[in-house]
Amino acid sequence: ARDAAEGEGVHDRINAVSRRFLGRSLPLLGTVRADERAALAVRERRPVRVAYPRARASRDLDGVALALASCLGISGVRAAAR
């Protein structure tokens, strides 16, 4: 997403589909911001977390993963060293 507002808009659309077809709401766990290195990793066919661990998208993915672990009650999870 370009910014948090765009990320929230994407979440709202996905959440509406989930509620309609699955009968479940999805929490917003974070936004992965647009990052040129993420696009580069796709072209290289490498996961962005592996190819560019310090990229903005990688840091955002860490945040989403931590939020998901927290929602699921998984303890002992921490962000990767930067």
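User: How do the side chains of D35 and R37 meet?

Analyst: The general idea is that a salt bridge pairs a side-chain nitrogen of Lys or Arg with a carboxyl oxygen of Asp or Glu within 4 Å. In this predicted model, D35 and R37 make such a pair, at 3.8 Å from N to O. D35 is buried, at 12% relative accessibility, while R37 is partly exposed, at 37%.

User: What does D35 do at the start of helix α2?

Analyst: Here we look at a side chain and the backbone. A side-chain oxygen of D35 comes to within 2.8 Å of the backbone nitrogen of R37, where α2 (residues 36-44) begins. After α2 comes R45, with a positive phi near 60°.

User: How many salt bridges does the structure hold?

Analyst: There are 5. One of them joins R33 and D60, with their closest N and O atoms 2.8 Å apart. R33 sits in the loop between α1 (4-22) and α2, and D60 in helix α4, so the pair ties together parts 27 residues apart in sequence.

User: Which residue forms a salt bridge with D62?

Analyst: That is R49, with the closest N and O atoms 2.9 Å apart. The two link distant parts of the chain, D62 being in helix α4 and R49 in helix α3 (residues 48-51), 13 residues apart. D62 counts as buried, at 9% relative accessibility, and R49 as partly exposed, at 26%.

User: Is L72 buried or exposed?

Analyst: Over 50% relative accessible area counts as exposed. L72 has 57%, so it is exposed.

How values were computed: Residues are numbered from 1 along each chain as its sequence is written. This is a predicted model: local features need pLDDT of at least 70, side-chain atom pairs count only at pLDDT 80 or more; totals for chains, interfaces and linings use all residues. Side-chain values use heavy atoms; hydrogens and water are left out. Buried means under 20% relative accessible area, exposed over 50%, partly exposed in between (1.4 Å probe, protein chains only). A polar contact is a pair of N or O atoms within 3.5 Å; within protein, one must be able to donate a hydrogen and the other to accept it, and residues adjacent in sequence count only if both atoms are side-chain atoms. Helices (H or I, at least four residues) and strands (E, at least two) are DSSP runs, numbered from the N terminus.
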